[in-house]
Amino acid sequence: AADLMLARLLAAAANTGDLKETNHDAQRFKEAMQKRYSIPDPQICVLENVYRQEWVEALQVLKDRVTDQDLAIIYFSGHGSQLRDSGGDQDTVDEALVTYDVQGREFTETVPCDDYVLRDKSFVALVNALPTTRILTVIDACFSGGMYMPPTIDHLPEARLKYFSDGCFGTQLPPYKTDTTGKLNKLKG
């Protein structure tokens, strides 16, 4: 008998800072993917106002449940930001997904941010550990995958800027760049 492909969905969101709709974004994404791929409820995990440790653990659980024939769908809606490079990036910064841990905290340049975000290197390692190459990753946040927003979003009047800026995260949106180093960690899928 041929192996039966399953689709598994992990969607996470964090209403941090001025964001108020990320949890709804995750629910709408779940509904769209569930309909498109006929994913049964037991194969879906939606985490609202996700904390860093929850997000990491959910990705590790997904690794244990996915086979090499399965489709893994991963979604995050929330703030993205940049931090000083933890080592190895030619562009001297790390991109990060900002989790709900930041709510109510005051940040300074001396407060370590790693307990409150998931750096790009860590996220890539967790996704790349999945035993399948059939992976769809959708990140609705600034600086996902090291990409920059276009210099104008006038054509998208409803777009929400999803850059988190505070203390160790930086104090302003970095300047727009038109090129990349080409040496970003490769995300599988």
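Q: Which residues touch the most other members of the largest nonpolar core?
A: In this predicted model, the largest nonpolar core has 22 residues. Two or more of its residues come from each of β1 (7–13), α2 (52–65), β3 (71–77) and α3 (120–128). The residues that touch the most other members are W55, L59, I74, F76 and F123.

Q: Which element gives the largest share of this core?
A: Several elements give two or more residues to the core, β1 and β3 among them. The largest share is five residues, and these come from α2.

Q: Which strands stand at the edges of the open sheet, and why is one side of each left without a neighbour?
A: Four strands form the sheet in the order β2-β1-β3-β7, with parallel pairing.

Q: How many bridges join β1 to β3?
A: These two strands run parallel. One of the pairings involves A7, whose bridge partner in β3 is L71. The number of bridges joining β1 to β3 is seven.

Q: At about how many degrees to β1 does α2 run?
A: The helix α2 lies across β1, β2 and β3. Its direction relative to β1 is about 180 degrees.

Q: Which residues of α3 are buried?
A: The helix α3 packs on the sheet, where it touches β3 and β7. Its buried residues pack against α2, β3, β5 (93–98), β6 (117–119) and β7 (135–140). Those buried residues are D120, K121, F123, V124, L126 and V127.

Notes: Residues numbered from 1 in each chain as written. Predicted model: local features only at pLDDT ≥ 70, side-chain atom pairs only at ≥ 80, totals over all residues. Heavy atoms only, no water. Core = buried A, V, L, I, M, F, W, Y, C linked by side-chain atoms within 4.5 Å. Buried < 20%, exposed > 50% of the residue type's maximum accessible area, 1.4 Å probe, protein only. Contact = heavy atoms within 4.5 Å. Pairing = 2+ DSSP bridges. Axes fitted to C-alpha atoms, helices over the stretch in contact; angles between N-to-C directions.
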